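Okay, hi everyone, thanks for coming.

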Amino acid sequence: MVKVGIVGGTGYTGVELLRLLAQHPQAEVAVITSRSEAGLAVADMYPNLRGHYDGLAFSVPDSKALAACDVVFFATPHGVAHALAGELLAAGTKVIDLSADFRLQDADEWAKWYGQPHGAPELLKDAVYGLPEVNREQIRQARLIAVPGCYPTATQLGFLPLLEAGIADTSRLIADCKSGVSGAGRGASVGSLFCEAGESMKAYAVKGHRHLPEICQGLRRAAGGDVGLTFVPHLTPMIRGIHSTLYATVADTSVDLQALFEKRYADEPFVDVMPAGSHPETRSVRGANVCRIAVHRPQGGDLVVVLSVIDNLVKGASGQAVQNLNILFGLDERMGLSHAGLLP
Ligand SMILES: NC(=O)c1ccc[n+]([C@@H]2O[C@H](COP(=O)([O-])OP(=O)(O)OC[C@H]3O[C@@H](n4cnc5c(N)ncnc54)[C@H](OP(=O)(O)O)[C@@H]3O)[C@@H](O)[C@H]2O)c1
């Protein structure tokens, strides 16, 4: 059994970790933290977990208790893992961070986008970007995993086949992305209120979103050089889901894009390339650790349109984090993650 600690157990990605790990045959949650709900039984806060975590209660983060775990997930706002990860790693505990703390390899770039100095630049050399479809071998050997963000997961998986094959004009890529409201976390904010987000849709952070440098970092690696990306996120009135509509121009219109995508993801258990002409729906991946993709070339022109959907809390966060745990501990990558999405 892998002994698991979770820092930030009351948030949306924290409770999603609990839901997924409740069905995981090789993982046992030993510590779950919350500063505001310390002492409260997990099932008293989240009744969907009644019967799964009897006797487990939230506790204030304690580095000794966390260091006694084999692995600790950070489901916390940025900056928290910077402060605690070093001590855990020194004790031999592996760290899987769902926040952005270790996603960018350049500490100065991180400081620019997050508006504060990087709190643990000395750990960056150990950090592996936890996108298994790209870094599976490095993840196996890692002790510190930076789980990709939700927009970056859907967007990179959609663009990767085109960029790795070198057939797209990388100077003018466009990612037009929609997110459900749970992407903003459980903390109260006016923009997330039912009356503000319901029955409406809007773009935000067009000038520059924090996920932009993370997506560009991954796309540069895939393309083997610089990329120009316009990334426009939108808030949509659904609870879960990311829908990325991606645009790229190709010079050679004779390439069989359907075959290219199917071949790239043929051995990937959590990427589903749909039949030609499909339109994936976010509801088809709700609750499932799946990225569902379709590739189009409208009217046979040189503009490729890729549609990529995930559940932001599963393949976009906690499911991908559990996938990383499985790889890290030499378990079947699908363990605890093979359920289908919730539909309708
Ligand atoms: N929501 C998504 O779809 C999504 C997707 C991918 C990645 N992420 C990332 O995952 C992380 C968690 O997101 P979330 O949506 O689950 O956030 P959330 O709902 O706001 O929850 C944050 C959790 O962190 C704890 N926390 C806050 N400050 C802390 C501190 N200083 N020390 C220890 N614990 C602290 C909170 O509990 P207490 O305050 O009670 O301690 C709470 O349990 C974020 O970095 C987010 O960017 C989120």
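Let's start with a term we'll need: a polar contact is a pair of N or O atoms within 3.5 Å, and within protein one of them must be able to donate a hydrogen and the other to accept it. Keep in mind too that this is a predicted model.

So, what are we looking at? The protein is split into domain 1, residues 2-129, and domain 2, residues 151-312. Their C-alpha centres sit 27 Å apart.

Now, how do the two domains meet? On each side 15 residues take part: 15 of domain 1 are in contact with 15 of domain 2.

Between domain 1 and domain 2 we count nine residue pairs in polar contact, with both residues at pLDDT 80 or more. If you want to see where the domain 1 side comes from, colour α1 (12-21) and α5 (107-114): each supplies at least two of the residues there that touch domain 2. By class, that side of domain 1 has seven nonpolar, four polar and four charged residues.

How many salt bridges cross this interface? The rule finds two between domain 1 and domain 2. Zoom in on Glu16 and Arg240, which form a salt bridge with their closest N and O atoms 2.9 Å apart.

Across the whole structure, the search turns up 16 salt bridges. Another one to click on is Arg103 with Glu214, at 3.0 Å from N to O. Arg103 is in the loop between β4 (94-97) and α5, while Glu214 is in helix α9 (residues 211-223), so this pair ties together parts that are 111 residues apart in sequence.

Last stop, the ligand. It has 25 residues around it, and the closest are Thr10, Thr13, Ser34, Ser36 and Thr76. Thr10 has a polar side-chain atom 2.6 Å from an oxygen atom of the ligand. Tyr12 comes in with a polar backbone atom, 3.1 Å from a ligand oxygen. And what about Asn312? An N or O atom in the Asn312 side chain is 2.8 Å from an oxygen atom of the ligand.

That's my tour, thanks!

Note on methods:
Residues are numbered from 1 along each chain as its sequence is written. This is a predicted model: local features need pLDDT of at least 70, side-chain atom pairs count only at pLDDT 80 or more; totals for chains, interfaces and linings use all residues. Side-chain values use heavy atoms; hydrogens and water are left out. Domain bounds come from an automatic or database domain assignment. Contact means heavy atoms within 4.5 Å. A salt bridge is a side-chain nitrogen of Lys or Arg within 4 Å of a carboxyl oxygen of Asp or Glu. Helices (H or I, at least four residues) and strands (E, at least two) are DSSP runs, numbered from the N terminus. Ala, Val, Leu, Ile, Met, Phe, Trp, Tyr, Cys and Pro count as nonpolar, Asp, Glu, Lys and Arg as charged, and the others, Gly among them, as polar. A residue is near a molecule or strand if one of its heavy atoms lies within 4 Å of it.
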